[in-house]
Amino acid sequence: MTSEDVIRTVDLRASGVPSHVIEARCRPGGRWQRVLPGVVLLSADPPTFLQRLRAAQAYAGPGSVITGVAALRAQGVRGLPDSGRVHVLQPESRRLTGYDYVFLERTTRLPQPVRGHGLSLAPPARAVLDAARREPHPLRLHHLLAAVVHAGLCTAQALLTELDAGSRRGTAAPRATLHTLLPAT
């Protein structure tokens, strides 16, 4: 499937699909399904990982950036735990709330996204730190940060620099873990 497999209902209507057709095709047993408010998957099959990300980004709207574990997995980092949630950053001015599997966070520091699979993804350093700030388990936190460093996507020092640039909230445990990943001097 392509990025056109997930579409906002407003875009379907704008392309000439009447509301009653959308409703009929999204009924139980229909050819399409609503995956989030205002977002339709043009298939009756369960959404794939990438379709869930596309739906989350369509729901969050223009300017949104997928971050956290979902962004890392979309960029090829393997072996990370999948909570099933998609963490999406949105501009501070937007007031949309999360829904179902989508966790929305407003920020004044939207990262410059990298493009992958037709999605706007946070760069690895920002994505891993957004996930690390919310990881309560020390061993999983270490695994998360080490996976990105060992994959060569960024250094522990670069992660500390990124950590210093953002909010201090939730940074104590990631900061301590990153110091264990720094090369011995």
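Biologist: Which backbone oxygen does the side chain of Gln90 reach, and at what distance?

Modeller: The side chain of Gln90 reaches the backbone oxygen of Leu96, at 3.0 Å; a polar contact here is a pair of N or O atoms within 3.5 Å, where within protein one atom must be able to donate a hydrogen and the other to accept it, and residues adjacent in sequence count only if both atoms are side-chain atoms. This is a predicted model, in which local features need pLDDT of at least 70 and side-chain atom pairs count only at pLDDT 80 or more, whereas totals for chains, interfaces and linings use all residues. Residues are numbered from 1 along each chain as its sequence is written, and side-chain values use heavy atoms, with hydrogens and water left out.

Gln90 belongs to strand β5, which covers residues 86–91; strands (E, at least two residues) and helices (H or I, at least four) are DSSP runs numbered from the N terminus. With a relative accessible area of 1%, Gln90 is buried, a word that stands for under 20% relative accessible area, with exposed for over 50% and partly exposed for anything in between (1.4 Å probe, protein chains only). Once its neighbours within four places in sequence are set aside, Gln90 is in contact (heavy atoms within 4.5 Å) with Leu96, Leu104, Glu105, Arg106, Thr107 and Leu110.

Asp100 lies in the loop between β5 and β6, where Asp100 is exposed with a relative accessible area of 62% and has a positive phi of about 55° although it is not a glycine. Gln112, in the loop between β6 (102–107) and β7 (114–116), is likewise exposed, with a relative accessible area of 66%. The C-alpha atom of Gln112 is 24 Å from that of Glu135, 23 residues apart along the chain. In the loop between β7 and β8 (119–121), His117 is partly exposed, at 44% relative accessible area, and its phi is near 60°, a positive value in a residue other than glycine.

Ala127 is buried, with a relative accessible area of 0%, and, not counting residues up to four places away in sequence, it touches Thr67, Gly68, Ala71, Leu72 and Ala122. Of these, Leu72 is 55 residues from Ala127 in sequence, yet the two are 6.5 Å apart in space, C-alpha to C-alpha.

The helix packing can be followed from α5 onwards. Two packed helices are described by the angle between their axes and the distance between the axes. These axes are lines fitted to C-alpha atoms, for helices over the stretch in contact, and the angles run from 0 to 180 degrees between N-to-C directions. Helices α5 and α7 (residues 156–165) pack at an angle of about 70°, with their axes 10 Å apart, and are therefore roughly perpendicular to each other; angles under 35 degrees count as roughly parallel, over 145 as roughly antiparallel, 65 to 115 as roughly perpendicular and the rest as oblique. Ala125, Arg126, Val128 and Leu129 of α5 meet Leu159, Glu162 and Leu163 of α7.

Helix α7 also packs against α8 (residues 172–181), at an angle of about 160° and with 9 Å between the axes, which makes this pair roughly antiparallel. The contact is made by Ala156, Leu159, Leu160, Leu163 and Asp164 of α7 and by Pro174, Arg175, Leu178, His179 and Leu181 of α8. Finally, helix α6 (residues 138–150) packs against α8 at about 50°, with axes 10 Å apart, and is therefore oblique to α8. In that contact Leu141, His142, Leu145, Ala146 and Val149 of α6 meet Ala173, Pro174, Thr177, Leu178, Thr180 and Leu181 of α8.

For the whole protein, there are eight helices and eight strands, and 45% of the 185 residues count as buried. Among contacts between residues at least 6 apart in sequence, 53% join residues at least 24 apart.
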